[in-house]
Amino acid sequence: MAEIYKVTFYGDQIGVTVTKDATVVNEWILQTMHIHGGGLVGLDIEWLPCFNPEENHPVALLQLCVERRCLLFQLLHKDAIPVFFVNFLRDPNFKFVGVGVKGDAEKLLRDHRLFVVNTLDLNGLALSVYGEEVYGEDGIEENGERGAWESDGEAIECNTE
């Protein structure tokens, strides 16, 4: 089962598929490979926040976007890891891009044994385009980890190991 949404972003229509179903993920991957055959894939992940250093929550949601098609795969609720999905992440014809994408790929490997072969981190590009005032002095840490934030003035580190 999947929910499919049409989202308008700066005048562009984006088709967004939200699912936990391996069959739906396989269909999305096969369509993407048929339509594009290779190229750039936006990749990002989300997980539950950590409220103490001992916590380590697994990746809950994987977001993939290719041109105007996006997949939100609910990994915490998945019924299986689809074979075509595993092969897609390992396909050298696709380059997985994003800010902190190397760290995202490492967390996917640790949490779900999903290996992303070809990544390109856009952290430096985002910093050069948007500058320190908008993006921050250091952008996201070079290792791509995004598990630190402030709460009531105290920095909290999330265990991403």
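This is a predicted model: local features need pLDDT of at least 70, side-chain atom pairs count only at pLDDT 80 or more; totals for chains, interfaces and linings use all residues.
**Ground rules.** Local features need pLDDT of at least 70 and side-chain atom pairs count only at pLDDT 80 or more, while totals for chains, interfaces and linings use all residues. Residues are numbered from 1 along each chain as its sequence is written, and side-chain values use heavy atoms, without hydrogens and water.

**Core.** I looked up the largest nonpolar core, which has 25 residues. Such a core is a set of buried Ala, Val, Leu, Ile, Met, Phe, Trp, Tyr and Cys residues joined through side-chain atoms within 4.5 Å. Buried means under 20% relative accessible area, exposed over 50%, and partly exposed in between (1.4 Å probe, protein chains only). Leu 43, Leu 62, Leu 64, Phe 85, Phe 96 and Leu 108 touch the most other members. Elements giving two or more residues to this core include α1 (22-36), β3 (39-47) and α3 (101-112). I took helices (H or I, at least four residues) and strands (E, at least two) as DSSP runs, numbered from the N terminus.

I then listed contacts (heavy atoms within 4.5 Å). Leaving out residues up to four places away in sequence, Leu 43 touches, among others, Leu 62, Leu 64, Phe 96 and Leu 108.

**Salt bridges.** I required a side-chain nitrogen of Lys or Arg within 4 Å of a carboxyl oxygen of Asp or Glu. The count is two.

Arg 68 pairs with Asp 12 at 3.3 Å, N to O. This pair links the loop between β4 and β5 to strand β2 (residues 12-19), 56 residues apart. Arg 68 is partly exposed at 46% relative accessibility, and Asp 12 is partly exposed at 33%.

Lys 107 pairs with Asp 111, with closest N and O atoms 2.9 Å apart. Both lie in helix α3, four residues apart. Lys 107 is buried at 1%, whereas Asp 111 is partly exposed at 22%.
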